[in-house]
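Subject: Structure handover

Hi,

Here is the structure for you to look through. My notes come after it.

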Amino acid sequence: AAAMAAERALAMATCTAPVNIAVIKYCEIRFRIIPQPCPAMLSPFPLSPQLKTTTTAAASRDFTEDRLWLNGKEEDVGHPRVQACLREVRRLARKRRGGSEDTAALSLSYKIHIASENNFPTAAGLASSAAGYACLVSALARLYGVEEELSEVARRGSGSACRSMFGGFVQWQRGERPDGTDSLALQVAPETHWPELRVLILVVSGEKKPVGSTAGMQTSVETSPLLKHRAEVVVPERLAQMMQHIRERDFEGFGQLAMRDSNQFHATCLDTFPPIFYLTDVSRHIIALAHRYNAHHGHTKVAYTFDAGPNAVIFALADTVAEFVEVVRRSFPPASNGDQFVRGLPVGSAALSQELVAAVVTEPVPGAVRYILHTKPGPGPQLVDDPSQHLLGADGLPRSHA
């Protein structure tokens with residue numbers, strides 16, 4: 001459709017892309033503006049539509065400059081990561097056309113307007129930039145008719161964005177070239193592989209992180225000897241183990257390893273100098289709660305992981321969700337939004353035994369968890385064909401969603 005754009009004043013494409021959660025944590029080193037991963041990276045997975053970014057890209061001969069809106073607010077389109085994505089997609093489009101300016105194709109000289117919206121807190125440790133860049137690249141690719149390997153282009157935006165280019169369970173491969181151009185994502189298994197797996201995100205704060213993950217990892221790479229050992233020795237071994245647990249749908253192994261790896265990732269944050277604190281007291285309460293809950297049941301029924309922020313990501317199988325959500329509700333009684341405390345996929349009700357409450361719900365902390373988002377592994381970026389879903393109007397400016 002975009003290829004016919006020369007006939008129209010405006011060409012537009014809209015895409016939704018999922019948030020992804022890392023189960024074996026990464027480190028990225030800045031190489032000019034290309035986040036360059038440390039040895040063999042991770043196997044995270046994108047999540048279902050409960051957590052997504054929607055991005056619309058539009059090009060027109062009438063636009064006088066490139067512009068960018070994030071969640072309705074105009075942002076700096078000159079951001080190096082945004083520019084890298086734009087440059088790379090235009091380069092691929094030029095290459096595909098063999099250097100000639102195809103009259104039927106969208107002119108590469110047209111300015112671009114981009115609007116992006118998240119349905120979750122931006123920059124609060126929920127991999128928002130990854131979803132945003134994966135979405136941006138997919139929308140631009142549709143606009144310019146470029147179907148090449150886009151995972152590498154997305155990575156120029158956010159190191160973890162290439163993981164959002166696929167659905168299901170994804171590994172970010174290190175690559176060998178110094179410029180990082182062979183660092184790509186590979187799908188380990190599709191989202192249909194483990195249908196019982198569920199994800200509960202316990203949102204403790206929607207605030208912006210005090211240290212962004214790229215800046216934080218740069219400091220860690222420069223100052224943490226533990227990170228060096230982790231990257232060279234621990235991660236490659238754990239990556240192989242995690243992929244096996246996923247293939248075998250072994251929740252006990254998967255959960256144990258996810259928790260251990262999250263703890264070690266945050267240990268490297270403490271080993272950074274000066275130290276970085278992503279976890280809060282509430283995060284630590286949730287960790288202790290998960291261990292008490294598993295100890296009561298005698299095996300791993302829930303597993304936590306924390307990215308660069310205080311929100312907990314809890315993995316569980318479907319038959320555990322209702323009981324654990326009730327445990328969380330008792331442990332962190334919601335302040336006022338009782339009806340909105342659980343969002344996303346529906347959660348059934350569960351009665352807790354007195355033994356479980358006595359063993360697990362020790363000291364309730366009212367209001368500490370703002371809400372729970374219930375989701376599951378989902379697909380990669382989806383192009384949206386319904387014109388009413390475009391975030392930009394016919395004038396190329398953001399539609400008001402009032």
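Below is what turned up, strand by strand and contact by contact.

This is a predicted model: local features need pLDDT of at least 70, side-chain atom pairs count only at pLDDT 80 or more, and totals for chains, interfaces and linings use all residues. Residues are numbered from 1 along each chain as its sequence is written, and side-chain values use heavy atoms, with hydrogens and water left out.

**Strand β6**

Start with β6, residues 52-60. Helices and strands here are DSSP runs, numbered from the N terminus (helices: H or I, at least four residues; strands: E, at least two). Eight of the nine residues of β6 are buried, so the rest of the structure largely encloses this strand. Buried means under 20% relative accessible area, exposed means over 50%, and partly exposed is in between (1.4 Å probe, protein chains only).

β6 has antiparallel pairings with β1 (residues 10-18), over nine bridges, and with β9 (residues 111-118), over eight bridges. Two strands pair if DSSP finds at least two bridges between them. For landmarks, A17 stands opposite T53 in β6. T55 stands opposite S116 in β9.

**T300**

T300 sits in the loop between α8 (281-297) and β13 (302-305). Is T300 buried or exposed? T300 counts as buried because its relative accessibility is 6%.

Leaving aside neighbours within four places in sequence, T300 is in contact (heavy atoms within 4.5 Å) with F251, E252, G255, Q256, M259 and N294.

**Salt bridges**

How many salt bridges does the structure hold? There are ten. A salt bridge is a side-chain nitrogen of Lys or Arg within 4 Å of a carboxyl oxygen of Asp or Glu. Side chains of opposite charge can pair when their charged atoms come close.

- R142 and D385 meet in a salt bridge at 3.6 Å, N to O. This pair links distant parts of the chain: R142 is in helix α2 (residues 128-144), D385 is in the segment after β17 (382-384), and they are 243 residues apart. R142 is partly exposed at 31%. D385 is exposed at 62%.
- E75 pairs with K73, with the closest N and O atoms 3.6 Å apart. E75 is partly exposed at 32%. K73 is exposed at 54%.
- R329 pairs with E326, with the closest N and O atoms 3.5 Å apart. R329 is partly exposed at 29%, whereas E326 is buried at 18%. About one helical turn separates R329 and E326, because they lie three residues apart in helix α9 (residues 318-331).

**Cysteines**

The structure holds zero disulfides (pairs of cysteine sulfur atoms within 2.5 Å). C15 is buried at 0% relative accessibility. C269 is buried too, at 1%.

Best wishes
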